[in-house]
Amino acid sequence: MATGELTELETAIEKIVTVFFTHAGKEGKKGTLTAAEFKELVQLQLPNLMKDTTSLEEKMRELDVNSDEELKFGEYWRLVGELAKAVRREKAGKK
């Protein structure tokens, strides 16, 4: 893909993808997150942004649009978008 040094945003996008694939496929289908993999990803990578989430099982059901009990990258991306919006709202409120 890119041949030069990545920008901050490009690095962030690459990291989001890498984190997903690091956790996906340990169990279940390769390239998807099972409930256990999702829980591990959230606990290790999102402990601050998702600390107010009462039920990870409920959150996973909400994200799992095709109800196959696994999250594909697109479903995981919905979570990233939700968290980005929450960060934006927080930053906008602090100005």
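The questions and answers below concern this predicted model.

Me: How are α2 and α3 oriented to each other, in terms of parallel, perpendicular or oblique?

Reply: Helix α2 covers residues 35–45 and helix α3 covers residues 56–63. Their axes lie 10 Å apart and the helices pack at an angle of about 110°. Angles of 65 to 115 degrees count as roughly perpendicular. The two helices, α2 and α3, are therefore roughly perpendicular to each other.

Me: Which residues make the contact between α2 and α3, and how do they divide by class?

Reply: From α2, the contact draws on Ala35, Phe38, Lys39 and Val42. From α3, Leu56, Lys59, Met60 and Leu63 take part. By class, the residues of this contact are six nonpolar, no polar and two charged.

Me: What is the orientation of α1 to α4?

Reply: Helix α1 spans 8–23 and helix α4 spans 73–93. They pack with axes 11 Å apart, at an angle of about 125°. Angles of 65 to 115 degrees would count as roughly perpendicular, and those over 145 as roughly antiparallel. The angle therefore makes α1, relative to α4, oblique.

Me: How many nonpolar, polar and charged residues are in the contact of α1 with α4?

Reply: The crossing of α1 past α4 is right-handed. On the α1 side, the contact is made by Ile16, Val17, Val19 and Phe20, and on the α4 side by Phe73, Tyr76, Trp77 and Val80. By class, the contact has no charged residues, no polar residues and eight nonpolar residues.

Me: At what angle do the axes of α1 and α2 cross, and what is the handedness of the crossing?

Reply: The axes of α1 and α2 come within 9 Å, and the crossing angle is roughly 135°. The two helices are therefore oblique to each other. The handedness of the α1 and α2 crossing is right-handed.

Me: Which residues of α1 meet α2, and what classes does the contact hold?

Reply: In α2, the partners are Glu37, Glu40, Leu41, Leu44 and Gln45. The contact divides into two charged, two polar and four nonpolar residues.

Me: Which helix gives the most to the lining of the largest pocket?

Reply: The largest pocket holds about 320 Å³ of space. Its lining includes at least two residues from each of α1, α2 and α4. With six residues, the helix that gives the most is α4.

Me: Which residues lie nearest the centre of the largest pocket?

Reply: The lining of the largest pocket comprises 14 residues. By class, twelve are nonpolar, one is polar and one is charged. Those nearest the centre of the largest pocket are Ile16, Gln45, Leu46, Tyr76 and Val80.

Me: How many charged residues line the second largest pocket?

Reply: The second largest pocket has a volume of about 260 Å³. Its lining includes Asp52, Lys59, Glu82, Arg89 and Glu90. Asp, Glu, Lys and Arg count as charged. The lining also has six nonpolar residues and one polar residue, and its charged residues number five.

Me: Which helix supplies the most to the lining of the second largest pocket, and with how many residues?

Reply: Among the lining residues of this pocket are Leu79, Leu83, Ala86 and Val87. The helix that gives the most to the lining of the second largest pocket is α4, with seven residues.

Note on methods
Residues are numbered from 1 along each chain as its sequence is written. This is a predicted model: local features need pLDDT of at least 70, side-chain atom pairs count only at pLDDT 80 or more; totals for chains, interfaces and linings use all residues. Side-chain values use heavy atoms; hydrogens and water are left out. Axes are lines fitted to C-alpha atoms, for helices over the stretch in contact, and angles run from 0 to 180 degrees between N-to-C directions. Helices (H or I, at least four residues) and strands (E, at least two) are DSSP runs, numbered from the N terminus. Angles under 35 degrees count as roughly parallel, over 145 as roughly antiparallel, 65 to 115 as roughly perpendicular and the rest as oblique. Contact means heavy atoms within 4.5 Å. On a 1 Å grid over the protein atoms alone, a cavity is a set of points where a 1.4 Å probe fits but cannot get out, and a pocket is an open set with protein on both sides within 12 Å along at least five of seven lines; lining residues have an atom within 4 Å of a point. Grid points are joined across faces, edges and corners, and a volume is the space filled by probe spheres set on the points. A crossing is left-handed if the near helix is turned anticlockwise from the far one by less than a right angle, and right-handed if clockwise.
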